[in-house]
Amino acid sequence: MGIAVLLKQVPDTTAKISVSGGRVDESAVSKWSMSPYDEYALESALQLKESGGGDLVAITCGPARAVKMLTDAAAVGADSLIHILVEDLSALDSTQVQAILAAAVAHSGSDIVFCGKQAADTNAGSTGPGVAHLMDASCVTMVSEVTPDGGSLMAMRASPNGNERVSVSAPCVFAFDKGIIELRRPNVRGIMMAKKKVAETLGPADLGVDISTSSVSIVGHTPPPQKPPGQKFEGADSVAAVVSKLRDEANVI
Amino acid sequence: MDVTVIAETSGGGLHPVTAQLVGAAASIGGTPTVLCAGGTGATEAASISGVVKVISVVGDCFETFDSGAWAKALNSVTGGDVIIAAASPSGREIAATMAAIRGIPIVQDATDLAPGISVTRPIYSGKAIETSTVTTPCAITLRANAFESAGEGGSAEVSTVNQSADVAVAVREAIAKASERLDVAEADIIISGGRGMGDPANFSHLNEISDMIGAAVGASRAAVDTWEEIPHGMQVGQTGKTVTPSLYIAVGISGAIQHLAGMRTSKYIVAINKDPDAPIFGVADYGIVATWEAALPALKEELGKL
Amino acid sequence: MAYEALDFYDIDSLLTDEERMVRDMVRDWVDEKILPNIEKACRDGVFPDEWRVDLGEMGILGAPLKGYGCPGLSYIAYGLICQELERGDSGVRSFASVQGSLAMYPIWDFGSEEQKNHYLPKMTTGEWIGCFGLTEPDYGSNPGDMITRAEDKGDHYLLNGAKMWITNGTIADLAVVWAKLDGVIRGFIVEKNDPGFTAPEMTGKHSLKASVTSELVFQDCKIPKDRMLPHVKGLKGPFSCLNNARFGISWGAVGAAQSCFNSAREYALSRIQFDHPIASFQLVQNKLAWMLREITKAQLLAYHLGKKKDEGTWIPEHISLAKMNNVDIALEIARMARDIHGANGILDEYPVMRHMANLESVKTYEGTHDIHNLILGRHITGIQAFTRES
């Protein structure tokens with residue numbers, strides 16, 4: 001069996017996002033990082049690999065800068081790296097992204113796929129289920145841990161009442177939530193080894209995916225609406241009004 | 001335009017967001033058919049105004065959550081130009097799988113729709129808003145409370161279809177929700193107490209509220225330094241954790257600059273303090289001038305109504 | 001907020017991927033392990049053992065040394081490690097400097113093959129801690145007149161004397177001790193259980209509080225003959241070690257200064273006085289601009305010196321200039337940052353006063369500021385001014 005982990009490079013969650021000319025200005029992003037949920041997917045994939053699960057390939061689709069993230073994955077133990085070079089990911093629709101990633105997984109010969117439940121840029125969450133369908137694989141999302149279970153795999157996932165352990169067989173896709181597992185830190189030895197692991201760079205066409213026409217086109221980006229100035233209320237009687245504002249205006253509860 | 005709405009359920013019944021999905025479908029000129037997975041909520045869905053048809057899809061596969069199987073079963077009973085679901089974890093997953101089965105695009109987490117179809121959604125955790133157009137057929141998931149609910153008073157026909165699919169996921173063990181508290185660094189909602197809480201025992205009120213809304217409980221440095229019952233791990237601020245939740249509720253915290261440094265980038269800040277001149281009100285979106293003794297019971301009551 | 005290091009001239013773009021990855025690894029570790037715990041460590045006056053384990057696991061001890069299990073990184077990578085560690089605390093950087101440059105380096109450069117194979121693999125993993133004994137109570141800037149003596153007793157050496165201001169001394173498994181044998185300075189490896197050796201901790205410091213500082217006392221301390229470093233005689237031995245440690249300090253000081261600058265900038269932007277953030281006032285902007293200017297210059301000094309170390313085109317005076325300048329401006333920046341923080345600057349909520357107190361030590365150890373001026377003075381004029389005798 002082969003294990004693949006799908007990674008996405010996103011603006012660090014603490015980075016400022018600025019909009020210029022109706023688009024998010026990517027050149028103004030101070031730091032690009034591996035999407036946080038993907039970090040848990042990678043860690044769990046590494047643990048499965050170390051428990052006797054074969055080679056781990058790290059796959060990403062994105063512009064040239066994304067290679068750095070693959071090297072980071074190599075530094076903690078990914079065996080091989082595949083980079084599908086797409087300069088502007090946001091120009092693709094979900095069917096195209098999924099087709100590219102599913103083809104890359106097939107290209108790598110993997111049948112167990114780890115990914116984040118959603119990427120920290122669009123926070124969509126379409127990739128895991130979509131790739132699973134294209135691979136004809138089963139899909140488990142909101143996963144916090146995966147362990148070998150005889151010939152199949154046991155995943156811990158969130159359920160309405162807490163958590164549950166579910167068993168699935170390959171081919172399968174695990175979409176990770178923040179895990180209960182501890183992320184490993186790289187070390188100098190791993191960083192030196194990562195230098196030797198060169199990513200295989202492919203274009204969508206090399207995988208037989210046509211990206212010429214997208215069903216989704218971005219009209220524009222805008223900064224979030226300015227929050228109204230702070231409002232002050234007198235007395236505990238105002239709690240009801242504040243709670244309804246939190247629900248309807250702020251949309252946070 | 002035929003719109004398929006995937007009913008959102010909770011606790012064996014229909015989730016109120018379903019009426020918002022129907023309302024949104026109508027707003028783009030759609031005629032909504034509601035699909036009820038496993039038949040849950042079908043009768044309630046039929047009474048939503050504007051619904052033309054409810055299909056109750058029943059089958060063995062709905063015993064266990066397996067998005068692949070559910071999507072296959074639901075997908076085979078309806079066509080339609082647009083699939084609309086809630087942007088909940090299960091809604092996103094089922095809609096994404098149905099979109100993949102149909103080979104159509106999906107746009108998740110919309111906060112506004114316009115005919116066309118124009119979709120607005122927050123990206124980068126709300127640090128920017130994206131507007132895009134998507135061609136039909138397509139799937140769209142909608143964020144809760146962002147759309148007007150359709151009214152009641154509908155009387156759509158309910159048909160039941162027996163349709164199952166192979167389930168590939170076997171549940172081996174259910175584990176009840178751990179009572180362990182969320183860490184402030186991880187939580188999307190935080191309720192913090194300061195020295196104004198008077199006594200560490202009074203943090204129990206914050207704990208109760210946090211349980212109701214899935215929040216973490218934090219504290220100011222003054223509280224942590226004063227009471228050894230309040231551990232340093234709860235401290236928000238310069239030498240504690242720096243947090244950016246969607247909602248930060250500060251109770252009995254005056255708002256020293258060191259505390260503000262750790263929480264001022266929270267998306268929304270509610271301050272409860274009896275001193276109307278407390279600096280915390282300077283950063284609060286909603287300030288309530290009241291004692292915690294008066295405000296917290298009211299807060300509990302109001303949150304309980306949600 | 002994620003830490004964004006001041007890098008006005010984009011030194012980042014000059015680094016190799018490997019150097020950047022090592023830097024980020026240490027930076028993340030400092031965020032995760034040092035910053036949340038440093039104030040407690042300072043208050044308790046301890047260097048937590050967990051930090052030793054982590055430094056070993058990351059594989060950064062003895063960074064530029066090659067072979068014997070050592071990392072074999074570039075000097076620039078070593079500099080970056082020091083920069084990031086000292087952004088956390090000078091005490092943490094001191095631990096790594098002493099282990100790598102002062103204890104491992106002399107064994108690596110001057111030790112026998114047996115000594116290298118025995119000590120270095122366990123020191124690079126942090127399993128064994130080393131310290132470095134040169135300075136004595138009465139001989140600091142003038143180590144050549146040291147009192148500590150070694151006597152050849154046929155089948156062993158006998159050490160007598162005392163060393164002072166020894167970082168890691170009390171927690172060390174071994175000490176590289178410089179002592180005179182028949183009037184010539186030689187290096188000896190003393191192990192913690194050798195008879196006649198004790199390493200009492202010095203207490204009461206207002207600086208480097210999370211670092212262990214000790215005396216080393218030798219009273220008829222008996223060590224086997226194979227513990228002398230065979231390949232060096234005279235002050236060249238300890239001075240080669242100091243060159244490497246001072247190199248690391250020149251980078252470390254940049255990290256401390258970046259930390260102070262960051263804190264001052266954030267504070268100035270959020271502190272409102274006279275209805276405006278104090279960052280909007282000209283006097284504060286002047287201070288911030290001065291900090292940025294000096295940090296940028298210090299970064300360029302450190303980077304170019306690193307290049308010269310890696311190419312082997314450096315002279316000790318290059319290192320003196322960088323150590324002296326960078327620590328000097330870091331200390332001034334720490335003081336200025338404390339000033340910008342107003343009264344809040346004296347609190348342990350902010351790192352500035354801790355850095356300020358630490359940097360007073362850093363300015364003094366590894367060649368005082370003034371001694372480095374004299375090294376440069378001798379280089380410029382050809383006339384030594386350390387002593388009145390010619």
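Here are a few friendly notes on a sheet and a helix pair in this predicted model.

1. Let's start with the sheet that draws on chains A and B. It is an open sheet of six strands with parallel pairing, in the order β15(A)-β18(B)-β17(B)-β16(B)-β14(B)-β15(B). The edges are held by β15 (231-234) of chain A and β15 (216-219) of chain B; each has a single partner strand, so one side of each lacks a neighbour in the sheet. On average, and ignoring direction, neighbouring strands here are turned by 20 degrees against each other.

2. For a closer look at one pairing, take β17 (residues 268-273) and β18 (residues 286-289) of chain B. These strands run parallel and are joined by four bridges. Opposite B:Val289 in β18(B) you will find B:Asn273.

3. Helix α5 (residues 203-213) of chain B lies across β14 (189-193), β15 and β16 of chain B, at about 175 degrees to β14(B).

4. Now to chain C, where helix α1 (residues 17-34) packs against helix α4 (residues 75-88) at an angle of about 15 degrees, the axes being 9 Å apart. That angle is under 35 degrees, so α1(C) counts as roughly parallel to α4(C). The crossing is right-handed.

5. Who makes that contact? Residues of α1(C) including C:Val22, C:Val26 and C:Val30 take part, with C:Leu80, C:Ile81 and C:Leu85 among those from α4(C). By class, the contact has nine nonpolar, one polar and six charged residues.

Definitions and conventions
Residues numbered from 1 in each chain as written. Chains lettered and ligands numbered in written order. Predicted model: local features only at pLDDT ≥ 70, side-chain atom pairs only at ≥ 80, totals over all residues. Pairing = 2+ DSSP bridges. Helix = DSSP H or I, 4+ residues; strand = E, 2+ residues; numbered from the N terminus. Axes fitted to C-alpha atoms, helices over the stretch in contact; angles between N-to-C directions. Contact = placed C-beta atoms within 7 Å. Parallel < 35°, antiparallel > 145°, perpendicular 65-115°, else oblique. Left-handed = near helix turned anticlockwise from the far one by under 90°. Nonpolar A, V, L, I, M, F, W, Y, C, P; charged D, E, K, R; others polar.
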